[in-house]
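Subject: Structure handover

Hello,

Here is the structure we discussed handing over.

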Amino acid sequence: MRKYVLLAALLIVSGFMLLSAVDMHPFGSPEKEDMDKYFIDNAQEEVSANNVVTSIVFDYRGFDTLGEATVLFTAVVGVSLIFRRLIK
Amino acid sequence: MMSKIVRTITNILYSSILIFGFYIIMHGHLTPGGGFQGGAVVASGIALVLIAYGYDTVRNWFKKSNLSFLESIGALAFIGIAFLGIGTTFFYNFLANSGGLFGDPTVIGINPGNLDTSGVLPLMNWAVGLKVLAGLGSVVLLMAYGIRKGDEE
Amino acid sequence: MIDNLPFIACAILVILGLYTLTFKRNLIKIVIGLNLVESGVNLFLITLGYKSNAVAPIYTMAAKEEMVLPTPQALTLTSIVIGLATTALILSFTILIYKHYKTIDASKVRRLRE
Amino acid sequence: MINEHLPALVIGLPLLAAFATPLVSKINDKLRNIFVIGILGITLYLVYSLLCNVLNDGIFVYVMGARSTGLTLPSGYKMPVRIILEADAMSVFMAITTAVISLIGAIYSWAFMDKETGKDKFYTLLLILTAGMFGMELTGDMFNFFVFLEITSIAACGLVGFRITRGESSEAAFKTMVLYTLGALFVLFAVGILYGEYDALNIATLASRIQYTMLDKIALGLLLTGLAMKAGAVPMHMWVPDAYAEAPAPVSLVLVVNTQAGLYGLFRVLFSLYGASLSTQTVGWILIILGVLSMFVGVTMALIQDKLKRLIAYGAVSQIGYMLLGVGVGLATLNTPALQEYGMRAMEGSIFHVINDAMYKGLLFLTAGAVIYCTGKRNLNEISGLAHDMKFTSIFFIIGAGAIAGLPPFNGFASKLIIYESVYKFNPMLSVIAILVSILTLAIFVKIFQSAFLGPKLLDVKKEPRSMVLAMLVLSIIVIAFGLFPDVVVDKIVSPAVNALINRMDYITAVLGG
């Protein structure tokens with residue numbers, strides 16, 4: 001019984017995923033690109049970096065990168081918590 | 001500990017892996033790559049040494065406590081740089097185009113790239129690179145420690 | 001539909017991962033399934049930004065051409081690191097579970113249910 | 001100057017402190033505890049001033065890294081490109097709940113964690129978890145929301161697996177981690193779909209562009225699944241009892257707010273991102289059905305548990321149901337005049353229930369933690385007559401149990417009454433089910449109280465340490481105060497929060513301009 005419920009859930013989610021993939025804009029020609037166009041046009045002037053991706057990662061979306069660094073920090077703290085010595 | 005062939009190749013490769021990793025961190029704002037990628041490359045060097053020499057030898061070379069200290073320092077440096085911009089806004093790039101450290105303006109359009117540009121980006125790359133190499137290094141060491149202790153029992 | 005083949009491939013990768021997650025009993029395989037889902041999603045993200053006949057979004061000495069969208073690349077970078085962190089933590093828990101239960105069969109690791 | 005940067009400081013300060021905690025720990029244990037509690041206290045103050053700010057001046061927008069804090073749009077451009085923090089009344093409402101609960105958790109931990117090893121890591125993770133929840137609640141960016149969702153997931157799972165000597169702990173942490181990550185990946189997939197369609201990540205921008213196409217529906221389904229998994233609503237609730245039962249008590253306390261942050265994400269997506277553009281009837285009923293299922297399954301599973309914390313955890317599942325029920329009714333009536341009549345009231349009830357639930361459920365988890373701390377027993381069959389030695393804990397348990405069952409002088413009654421009244425006008429059957437579940441909950445908690453706290457004395461019991469009593473006392477005072485003066489709370493913070501959820505245009509214009 002449990003197996004069939006899981007299978008049904010899996011099929012529904014798979015259907016969703018495939019449908020979204022088929023429905024997406026054609027590969028290689030994004031429909032809208034105004035935000036990205038802004039980055040490509042202005043990153044050199046505003047951030048003065050040649051690498052647009054880095055200027056997004058550390059400047060325009062720097063807060064995400066802080067989150068990402070935090071995630072890594074958290075994972076390391078978590079792993080060292082798991083393998084801590086129990087006797088001081 | 002692995003065979004002599006593996007150890008010799010590790011000895012040769014390790015320094016070039018380190019240099020390659022630091023190169024990637026340093027040129028993060030000009031070429032593909034950056035702090036995370038470079039840090040991961042350096043950490044893979046640590047993993048290589050760990051595999052070649054075994055946990056018992058390596059733990060004397062890289063102290064876990066030192067690595068976690070380094071990681072905290074990297075994280076603090078990163079968020080500290082973000083806080084330094086708070087005169088304007090959090091994460092404001094206060095060094096870009098200022099003429100000071102990393103403050104040269106970039107030529108707009110096609111250019112070969114100048115290392116002395118992009119304001120706080122290189123500093124952040126270094127902070128993140130330090131953090132990632134210490135973090136991933138200590139994860140690898142800790143996991144090796146965890147598995148080794150399991151074998152003893 | 002044939003235009004969207006890369007998207008469909010990503011979706012299939014995600015589905016394979018979900019299948020592994022739901023029907024495999026081995027904890028390591030569950031972690032692998034999770035990683036498959038994650039790779040699928042990351043590939044999906046990066047595929048969204050592709051533009052035909054465009055170069056990487058970095059200014060070099062190359063002649064200026066169309067550039068692919070840079071945002072998905074930044075997002076994917078973030079999500080890869082996040083995935084790495086999760087995998088590290090989950091694998092550590094697997095090691096710990098193996099130490100306590102001496103097995104990584106999910107159907108035997110169920111002291112909580114009793 | 002501080003006022004200008006409040007949202008960034010609320011997230012940044014705990015994070016900075018978290019990175020510094022391992023270094024502070026090297027100096028002295030006591031110093032570290034004071035440091036953590038001090039930082040959380042300052043954060044509470046900051047959140048409070050943010051709350052006052054938002055309630056007086058409307059939505060607070062903060063642009064990360066721009067030339068000035070309010071510069072949402074770059075010059076001559078119609079859409080934001082940077083990450084924007086957007087604090088409206090709903091966000092600060094959640095943030096103040098989070099801040100209060102984390103501070104209490106830290107105070108409680110002082111004595112509770114005293115004999116454990118790895119305390120520096122425990123406090124680091126606690127601070128990161130708090131900062132992550134603030135991030136989820138204050139951000140105005142979909143991808144940023146995902147990043148903070150993952151931060152809370154990883155920190156929470158690290159804390160759930162804190163007791164590494166127990167195999168059950170690792171098992172619970174593994175399970176929780178897999179489900180959290182899966183939910184977060186669903187959210188990421190949905191973010192990808194939305195990005196691919198509209199080339200925007202900012203919630204307000206997406207909301208102004210959304211058209212409810214097929215792809216949007218799929219994204220909504222994925223977001224709903226992922227966030228309901230985080231919130232622990234019924235078909236995805238498997239991790240809740242395991243994680244709550246195995247985590248140390250202060251962590252269970254913070255986990256309660258963490259699930260509510262997931263719930264907040266759900267509300268934000270439904271009301272601010274999609275809003276009136278979605279078929280509100282259908283989605284509203286989906287929420288109502290999820291809510292009723294959660295209430296029912298939670299309470300029936302709680303009936304058969306014999307471990308104290310596991311039982312409270314199933315109670316927690318059923319309380320999530322009340323919140324989903326009220327908000328579901330609000331959503332179902334969003335496009336009709338019935339909204340003014342009773343839909344608003346139902347939402348007020350369930351948003352009020354969010355803060356009440358955090359307080360009394362937290363109190364129950366803390367009393368359960370005190371019982372485990374003092375007796376060393378987790379099983380209800382092994383404990384009896386605790387009221388002889390643990391007078392304070394017994395009183396606090398009565399307060400918490402009364403509140404969760406919805407008895408009059410406590411806050412649970414106030415919010416449940418609003419839900420019953422307004423839902424009755426929508427569909428009498430739902431209201432009857434809600435009352436029935438409350439009665440069952442009361443029966444369960446009376447039974448435990450009778451068997452665990454009354455009766456003959458079986459064990460030698462330690463005394464509760466002072467810091468634990470202080471933490472529980474603060475929560476009990478809040479529970480009783482909210483129960484005695486519900487109108488004040490509803491008027492001051494709850495109904496602005498509901499208005500902020502419903503008035504989607506305000507949320508959009510705060511970023512995009514008029």
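This is a predicted model: local features need pLDDT of at least 70, side-chain atom pairs count only at pLDDT 80 or more; totals for chains, interfaces and linings use all residues.

Every value quoted here is computed from it.

Chain A

Chain A contains 4 helices and 0 strands. Read from the N terminus, its elements follow the order α-α-α-α. The radius of gyration of chain A is 22 Å, whereas a compact globule of 88 residues would have one near 12 Å. Along the principal axes, the C-alpha trace of chain A spans about 55 × 55 × 15 Å. As for burial, 56% of the 88 residues of chain A count as buried.

Chain B

Chain B is built from 5 helices and 0 strands, in the order α-α-α-α-α from the N terminus on. Its radius of gyration is 19 Å, well over the 15 Å that the globule rule gives for 153 residues, so chain B is more spread out than a compact globule. The box filled by the C-alpha atoms of chain B, taken along the principal axes, is roughly 60 × 30 × 20 Å. Buried residues account for 45% of the 153 residues in chain B. Among the contacts in chain B with a separation of 6 or more, 69% join residues 24 or more positions apart.

Chain C against chain A

In this interface, 36 residues of chain C are in contact with 38 residues of chain A. On the chain C side, α1 (5–23) and α3 (71–101) each supply at least two residues. The largest share of that side comes from α3(C), with 13 residues. Sorted by class, the side of chain C that touches chain A has 26 nonpolar, 8 polar and 2 charged residues.

Chain A against chain B

The contact between these chains takes 22 residues from chain A and 33 residues from chain B. Which elements of chain A give two or more residues to the side that touches chain B? They are α2 (34–46), α3 (52–60) and α4 (62–82) of chain A. Of these, α4(A) provides the largest share, 9 residues. The side of chain A that touches chain B divides into 12 nonpolar, 8 polar and 2 charged residues.

A helix pair in chain D

Two packed helices are described by the angle between their axes and the distance between the axes. In chain D, the axes of helix α4 (residues 119–138) and helix α10 (residues 249–274) come within 10 Å and cross at roughly 20 degrees. Angles under 35 degrees count as roughly parallel, which makes α4(D) roughly parallel to α10(D). The crossing of the two helices is left-handed.

The residues that meet are as follows:

- From α4(D): L126(D), L129(D), M133(D), M136(D) and E137(D).
- From α10(D): V254(D), V257(D), N258(D), A261(D), Y264(D) and G265(D).

By class, the residues of this contact between α4(D) and α10(D) divide into 8 nonpolar, 2 polar and 1 charged.

Regards

Methods. Residues are numbered from 1 along each chain as its sequence is written. Chains are lettered from A and ligands numbered from 1 in the order in which they are written. Two residues are in contact if their C-beta atoms, placed from the backbone, lie within 7 Å. Ala, Val, Leu, Ile, Met, Phe, Trp, Tyr, Cys and Pro count as nonpolar, Asp, Glu, Lys and Arg as charged, and the others, Gly among them, as polar. The radius of gyration is taken over C-alpha atoms; the globule rule is 2.2 Å times the number of residues to the power 0.38. A residue is buried if 20 or more other C-beta atoms lie within 10 Å of its own, exposed if 12 or fewer, and partly exposed in between; C-beta atoms are placed from the backbone. Axes are lines fitted to C-alpha atoms, for helices over the stretch in contact, and angles run from 0 to 180 degrees between N-to-C directions. Angles under 35 degrees count as roughly parallel, over 145 as roughly antiparallel, 65 to 115 as roughly perpendicular and the rest as oblique. A crossing is left-handed if the near helix is turned anticlockwise from the far one by less than a right angle, and right-handed if clockwise.
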